[in-house]
Amino acid sequence: MPEQVLFTPAAIAEPWGQQILARTESLNLPIKILPRNRLTGLRGENERETYQISKRTLAVVTAPPSSFKLSPIPPSADWQFHLAEGCPAHCQYCYLAGSLQGPPVIRAFANLPQTLANLAAYERSGEATSFEVSCYTDPLGIEHLTGSLAECIRYFGTRKDGYLRWVSKFDAVEPLLDLPHNGHTRCRVSVNATPVSGRFEGGTAPVAARLQALRKLALPTARGGGGYPVGVVIAPIMPVEDWQSHYTELLDSIETALDFDCDLTFELISHRFTPGSKETILEWYPQTKLDLDESQRAVKRNKFGGIKYVYEADIMKELRRFFERELLRRFPHAKILYWT
């Protein structure tokens, strides 16, 4: 629950903004209507204080015109779009660190209907087209405040060739179970081994609760579930001490939760960071025990000259062999979408 909810005038003028206003009012949250379409008052005396103020704030704004020009996001999906930017969780390895401009306030977009209407132009006729909505937020973590994820699921349930993908570290899935998704939404949870989730994933649902949520989403409707295609994102994979044992326990838990036939995928993502994300993470979490030692990493460059620090090739090969072997043995009918 945010400590304050801010609305810009442009957001209040949107019907979907009014719907979010009604939701937040029903939760008796402190609400402020801003005089202008600018967010102010989020800066503290230092970056850590700014982080704390921002993470406790939900700002309802309108998505900028630039958001209607979609970007591809391989290997996750064909395209990405956004119902919000910013995340209520406190993961110390945060993938958003250094990616978004300004304080890490959670911005929910009030012009969601226009965003959804824009997606049709990106669908390939007669060919499945996938859309990722979790790049800059955890949509389930704010769903009780916005209702926007359910609206996206309803929209894609009406599409012929469009498919929605979302991922979360939260577990409040009950409002999604009865939605008419028509198999066009893949619900995924992000999970990790106990030494990683317990130390670095603050403010999230426990991994066991996430897996039970995934079970509810995947169970057939005849058994009280949502009947959704589902997925497991294991990320960020870290070769912590005794990692094989810890990740074996995680895979055991996944196997127990999904002990029935379902449409299941896996995505495997090793830990990496950029110089910018390291700087931001250390400002947000100055006491973190996260391994950010560049001297123990290999450098990976993108086509624009940017760099990421990834694990050395021999470690990556060992990790990948372990997961691919174990997943094939345990889930022979599941698809591993990618390793990165």
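The following legends describe close-up views of a predicted model.

Local features are reported only at pLDDT of at least 70 and side-chain atom pairs only at pLDDT 80 or more, whereas totals for chains, interfaces and linings use all residues. Residues are numbered from 1 along each chain as its sequence is written, and side-chain values use heavy atoms, with hydrogens and water left out.

**View 1. The open sheet of 8 strands.** The strands follow the order β4-β5-β9-β10-β11-β13-β14-β17, with mixed pairing. Strands are DSSP runs of E with at least two residues, helices are runs of H or I with at least four, and both are numbered from the N terminus; two strands pair if DSSP finds at least two bridges between them. β4 (71-73) and β17 stand at the edges with a single partner strand each, so one side of each has no neighbour in the sheet. From one strand to the next, the twist averages 30 degrees; axes are lines fitted to C-alpha atoms, for helices over the stretch in contact, and angles between N-to-C directions run from 0 to 180 degrees. β5 and β9 are parallel and share 2 bridges, and W79 stands opposite F131 in β9.

View 2. R329 belongs to helix α11 and is exposed, with a relative accessible area of 56%. Exposed means over 50% relative accessible area, buried under 20%, and partly exposed in between, computed with a 1.4 Å probe on protein chains only. The C-alpha atoms of R329 and T50 lie 47 Å apart in space, with a separation of 279 residues in sequence.

**View 3. The buried strands β13 and β14.** In β13, 8 of 8 residues are buried. Strand β14 is largely enclosed by the rest of the structure, because 7 of its 7 residues are buried. In a regular strand, side chains alternate between the two faces of the sheet. On one side of β14 lie L264, F266, L268 and S270, on the other T265, E267 and I269, and all are buried. β13 runs parallel to β11, to which it is joined by 5 bridges; V189 stands opposite V232 in β13. The pairing of β13 with β14 is also parallel, over 6 bridges. G231 faces T265 of β14, and I234 has L268 of β14 as its bridge partner.

**View 4. The second largest pocket.** This pocket holds about 360 Å³ of space. On a 1 Å grid over the protein atoms alone, a pocket is an open set of points where a 1.4 Å probe fits, with protein on both sides within 12 Å along at least five of seven lines, while a cavity is a set from which the probe cannot get out; lining residues have an atom within 4 Å of a point. Points are joined across faces, edges and corners, and the volume is the space filled by probe spheres set on them. Of the 22 lining residues, Y163, R165, R186, T265 and L337 are the closest to the centre of the second largest pocket. Two or more lining residues come from each of β5 (77-80), β9 (129-132), β10 (162-168), β11 (185-191), β14 (264-270) and β17 (335-339). β10 provides the largest share, 3 residues. By class, the lining has 9 nonpolar, 8 polar and 5 charged residues, where Ala, Val, Leu, Ile, Met, Phe, Trp, Tyr, Cys and Pro count as nonpolar, Asp, Glu, Lys and Arg as charged, and the others, Gly among them, as polar.

**View 5. The open sheet of 5 strands.** The order is β2-β1-β3-β8-β6, and the pairing is mixed. β2 (31-33) and β6 (84-85) are the edge strands, each with a single partner, so one side of each lacks a neighbour in the sheet. β6 pairs with β8 (residues 106-109) in the antiparallel sense over 2 bridges, and the bridge partner of A84 is A108 in β8. Helix α2 (residues 15-26) packs on this sheet, touching β1 (4-7), β2, β3 (57-61) and β8, and its direction makes about 160 degrees with that of β1.

**View 6. T280 in helix α10 (residues 275-284).** T280 counts as buried at 14% relative accessibility. Apart from its neighbours within four places in sequence, T280 is in contact with A97 and G98.

Key:
Contact = heavy atoms within 4.5 Å.
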